[in-house]
Amino acid sequence: MNIVNIIEEIEKVDGEIYERLSPRRSAMKDFYNMGKKVAMAAMPMALGSMFTKAYGQSTPSDVTATLNFALTLEYLEYHFYNHAVVNASAIALSGAALTAITTIRDHEKAHVALLAGALGSAAIPVKAYTDFDYTGKGTFPNVFSDYGTFLAVAQAFEDTGVRAYKGQATVLKGNAVLTTALQIHSVEARHAAHIRYMRAASGVSIKPWISLGPGGSSNDSGVPAADPVYAGENTTSQANINIVGINGNTGITAAAAAECFDEPLAKADVLTIAGLFIK
Amino acid sequence: MKTEPGQELEMLQKENSILTASLHRRSFLQYAGAGAAGIALIAAGCKKDHGNDMPPVNGGVTLDFKDDFGVLNYAYALEQLEAAFYIQVASNPPSGFSAIEKQYFQDIQYHEIAHREFFKNALGAAAIGSLAVDFSTINFTDRSSVLNAAKAFEDLGVAAYNGAGVRIKTDAYLVLAGKIVSVEARHAAYIRDLISPGSFSGPDVVDATTGLDQALTPDKVLAAAGKYIKTKVNVINL
């Protein structure tokens, strides 16, 4: 059972968790033993109660806010993919494409369960499919009837998710929850690369990584409405170090320099993007 | 890289003569570093490597995890390894690679070189020396061998950055690690899809129940990467 492994991993990478848990070592041991017995389906909730016990009332309110922010995005993604899987034929989703979207749907569902479990009573109310408008208030009217539009919106969601988690890293700095957030973050990046791969297979000119758009612009998606999703992704300087042609490596063009670092996005900007899809 | 018994002896003698020369530890390390840089260039540029060109590596490099420099040097070490691998692939791709695969492996090569050079510049005088690599287990003429090695490097890189995040104390460095790890995850997903379509986030790396990617501590990562690194990597204050 891998949740037990995760707790072990957190123990290994977060020395502070011992200090946090020291008054409650016996409670931790109880939880650990319980983890081996509890049914798989109940594990995310159990993990949540562990986090609550470990961090309890000392969980900073900004950490809670960040986890709820992440949970909102995961609900947005989960219902999007779930609706697509349930109505696959309407989007002409079948075969390997349907399998991939189902895999992604299942990961987003797991992320929802994990975050909601971790937040416990501090979690935002459960969100349903009907809480969202995936046409983006009419921007993508055929999102669930056109394969290309569906994938374009999926790519925007995944790339936004990657940027959103990255933007919250400093809030979670030094907290065991950071590791969990990073473990979700890289999964969203894997999803993003695969959705881009699927779009390329259907004839769109797109790389698995975020490259430059036309004329060196930041939006490589081919969807002008997605401009806010990619704002700043054409950055070619990191920590005041110019990446283009760095140390005589002339092969590192502006495109390569932009591709090799993904950029974070501030919470407010993410909420503006997500807001288009929330009723 | 295979070495003949005679060559090994020659190496031992070489090392011995260095040790008996009573060099200062510091200058010995400088010597080792220069040799390692040389061999890295040779490994990158020439597939027919020569065992007797091996530098003394018993000094090695030290990753001191007491502060962020240790974590950044750890990342620098991994990026050196990845860059060396992709330079070799991109400069002489397997015949089984398609045109787009050749292009994307060139892209990845430049991404990894950029990461490596970024860390080198960011660390400045605190940077470790160049690592000597050992890719003798990889058949660079075989598409499958190259893809599987690439998958191993990328998945390991993702797990390494994910596991190292909590060690980083400086906001800017944490964000930079985040900027890099998602690119490594994109590489991993692409390469996995080339090996087996749809395996971009397979259950061997992304837990099916939690939806979480791997996170590994530096000791585990270095143990897994060890077979590709000739230079001894010492770890302290982990």
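Which residues does B:Ala114 touch, not counting residues up to four places away in sequence? I looked this up first. B:Ala114 touches A:Ile243, A:Ile246, A:Ile252, A:Ala256, A:Ala257 and A:Cys260. Contact here is C-beta atoms, placed from the backbone, within 7 Å.

I noted the ground rules. This is a predicted model, where local features need pLDDT of at least 70 and side-chain atom pairs pLDDT 80 or more, while totals for chains, interfaces and linings use all residues. Residues are numbered from 1 along each chain as written, and chains are lettered from A and ligands numbered from 1 in the order written.

Next, the core. B:Ala114 is among the residues with the most contacts inside the largest nonpolar core, with A:Leu115, B:Leu81 and B:Ala177. That core has 139 residues. Its members are buried Ala, Val, Leu, Ile, Met, Phe, Trp, Tyr and Cys joined through C-beta atoms within 7 Å; buried means 20 or more other C-beta atoms within 10 Å. H3(B) gives the largest share, 14 residues. Helices are DSSP runs (H or I, at least four residues), numbered from the N terminus.

Then I followed H3(B), residues 68–91. The axes of H3(B) and H5(B), residues 143–164, come within 11 Å and cross at roughly 165°. That makes the two helices roughly antiparallel (over 145 degrees). Axes are lines fitted to C-alpha atoms over the stretch in contact, with angles from 0 to 180 degrees between N-to-C directions. B:Val71, B:Leu78 and B:Phe85 are among the H3(B) residues that meet H5(B).

Last, I checked the chain contact. It takes 45 residues from chain B and 59 from chain A. H6(B) gives the most to chain B's side, with 17 residues.

Conventions
Angles under 35 degrees count as roughly parallel, over 145 as roughly antiparallel, 65 to 115 as roughly perpendicular and the rest as oblique. Two residues are in contact if their C-beta atoms, placed from the backbone, lie within 7 Å. A residue is buried if 20 or more other C-beta atoms lie within 10 Å of its own, exposed if 12 or fewer, and partly exposed in between; C-beta atoms are placed from the backbone.
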